Amino acid sequence: MTNSQSAQDRTRMVVDLMSVPSDLSINVVRALMLLRDQDKTMAEISDALSITRAATTGLMDRLEDCGLAVRRTDPNDRRKCYAVATPRGNEVTRDITTVS
């Protein structure tokens with residue numbers, strides 16, 4: 001088993017325990033982990049994960065569908081959008097960190 005498979009197995013175990021869909025991709029989980037410490041712009045998530053802006057939009061759609069994160073518009077610059085972990089999202093990241 002590779003490190004990647006092992007990480008995915010641990011993630012699936014935690015996701016199952018949290019009653020969150022177990023088909024979350026590793027990038028969706030990585031994006032959520034980025035949000036545990038602070039809000040990030042969509043561009044910051046894209047850069048941190050080395051993915052396109054379009055892919056980041058898809059990740060955020062998935063996180064929102066699962067109730068793990070929300071988008072917030074910057075009140076000073078409506079073009080800027082922040083991703084924010086929900087309390088449920090923060091709980092999942094704590095559990096993932098504990099299992100890891």
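Select Ser46, which lies in helix α3, residues 42-49. Helices here are DSSP runs of H or I with at least four residues, strands are runs of E with at least two, and both are numbered from the N terminus. This is a predicted model, in which local features need pLDDT of at least 70 and side-chain atom pairs count only at pLDDT 80 or more, while totals for chains, interfaces and linings use all residues. Residues are numbered from 1 along each chain as its sequence is written, and side-chain values use heavy atoms, with hydrogens and water left out.

Is Ser46 buried or exposed? Ser46 has a relative accessible area of 1% and is therefore buried; buried means under 20% relative accessible area, exposed over 50%, and partly exposed in between, with a 1.4 Å probe and protein chains only. Display the surroundings of Ser46: not counting residues up to four places away in sequence, Ser46 touches Ile51, Thr52, Arg53 and Thr56. Contact means heavy atoms within 4.5 Å.

In general, an α-helix has 3.6 residues a turn, so residues three or four places apart point the same way.

Move to Ser50, in the loop between α3 and α4. Ser50 counts as exposed because its relative accessibility is 68%. The phi of Ser50 is near 55°, a positive value in a residue other than glycine. Most residues other than glycine have a negative phi.

**α3 with α4**

Show α3 and α4 together. Their axes come within 9 Å and cross at roughly 105°. Axes are lines fitted to C-alpha atoms, for helices over the stretch in contact, and angles run from 0 to 180 degrees between N-to-C directions. α3 and α4 are therefore roughly perpendicular to each other; angles under 35 degrees count as roughly parallel, over 145 as roughly antiparallel, 65 to 115 as roughly perpendicular and the rest as oblique. For the side chains, select Met42, Ala43, Ile45, Ser46, Asp47 and Leu49 in α3, which meet Arg53, Thr56, Thr57, Leu59 and Met60 in α4.

The axes of α2 and α3 come within 10 Å and cross at roughly 125°. That angle makes α2 oblique to α3. The crossing of α2 and α3 is right-handed; a crossing is left-handed if the near helix is turned anticlockwise from the far one by less than a right angle, and right-handed if clockwise. Here Asn27, Arg30, Ala31 and Leu34 in α2 meet Ile45, Ala48 and Leu49 in α3.

The axes of α2 and α4 also come within 10 Å, crossing at roughly 80°. α2 and α4 are therefore roughly perpendicular to each other. Asn27, Val28, Ala31 and Leu32 in α2 meet Leu59, Arg62 and Leu63 in α4.

**Leu32 and Leu68**

Select Leu32, which is found in helix α2. Leu32 is buried, with a relative accessible area of 3%. Which residues are in contact with Leu32, leaving aside its neighbours within four places in sequence? They are Leu63, Leu68, Ala85, Gly89, Val92 and Thr93. Leu32 and Thr93 are 61 residues apart in sequence, yet 7.1 Å apart in space from C-alpha to C-alpha.

Leu68 counts as buried, at 0% relative accessibility. A distance of 7.6 Å separates the C-alpha atoms of Leu68 and Pro87, which are 19 residues apart along the chain.

**The whole chain**

Finally, select everything. The chain has 5 helices and 3 strands, and from the N terminus on its elements run α-α-β-α-α-β-β-α. Of its 100 residues, 35% count as buried. Among contacts with a separation of 6 or more, 49% are accounted for by residues 24 or more positions apart.
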